[in-house]
Amino acid sequence: MTEWYRNVLGMRVNHRSKIPAIARLTRNGPPFLAFAFVSNDERDHRIVFFEIPRASVDPEKRQHTGLQHVAFEYASLDDLLGTYLRLKKRGIRPTWAADHGVGSRSIMRTRIRMSSS
């Protein structure tokens, strides 16, 4: 998953860690095996990805709460179109596009799974 964010948003992995097995065995241990901090600016992280064992795609995800939308702004329509062309060359295409009054949108989906390697 971190590769998608690198290709689309220019994010880089600033830190990766695996949780020691002994820490996962305790009752209050973390529910994840590993994590990766990514950022596209001077901050150590803007997004953190967690590797969660036995996680699966939820076919009912549209019925549940959770993160459903994140927006990024471009300085101009030319910048947006330039990004579209850059991603098209990498085989990344928008799921759909919209113009709902306050601005044009290009909607993309990320892949669901993350690897700690």
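These are my notebook entries on a predicted model.

**Ground rules.** I number residues from 1 along each chain as its sequence is written. In this predicted model I need pLDDT of at least 70 for local features and 80 or more for side-chain atom pairs, while totals for chains, interfaces and linings use all residues, and side-chain values use heavy atoms, with hydrogens and water left out.

**Layout.** I looked up the secondary structure as DSSP runs numbered from the N terminus (helices: H or I, at least four residues; strands: E, at least two). The protein has three helices and five strands. Along the sequence I read the pattern α-β-α-β-β-α-β-β.

**Totals.** I took buried as under 20% relative accessible area, exposed as over 50% and partly exposed as in between (1.4 Å probe, protein chains only). On that scale 21% of the 117 residues are buried. I then looked up accessible areas (Shrake-Rupley, 1.4 Å probe; for residues, only the protein chains shown count as cover). The protein exposes about 9,200 Å², and 52% of this comes from carbon and sulfur atoms. For contacts (heavy atoms within 4.5 Å), I took the residue pairs at least 6 apart in sequence, and 47% of those contacts join residues at least 24 apart.

**Core.** I searched for nonpolar cores, meaning sets of buried Ala, Val, Leu, Ile, Met, Phe, Trp, Tyr and Cys residues joined through side-chain atoms within 4.5 Å. The largest one has 10 residues, among them Trp-4, Tyr-5, Val-38, Phe-49 and Ile-92. Helix H1 (residues 2-9) gives the most to this core, with four residues.

**Strands.** I counted two strands as paired where DSSP finds at least two bridges between them. S1 (residues 12-18) and S2 pair in the antiparallel sense over six bridges, and Val-13 stands opposite Val-38 in S2. S2 also pairs with S3 (residues 47-51), antiparallel, over five bridges; here Ala-34 stands opposite Glu-51 in S3. I checked the cover of S2 (residues 34-39) and found five of its six residues buried.

**Salt bridge.** I looked for a side-chain nitrogen of Lys or Arg within 4 Å of a carboxyl oxygen of Asp or Glu. The structure holds one such salt bridge. It joins the side chains of Arg-46 and Asp-41 at 2.7 Å, N to O. Arg-46 is partly exposed at 47% relative accessibility, and Asp-41 is partly exposed at 22%.

**Backbone.** Most residues other than glycine have a negative phi. I noted Arg-54, a residue other than glycine, with a positive phi near 60°. Arg-54 lies in the loop between S3 and helix H3 (77-89) and is exposed, with a relative accessible area of 78%.
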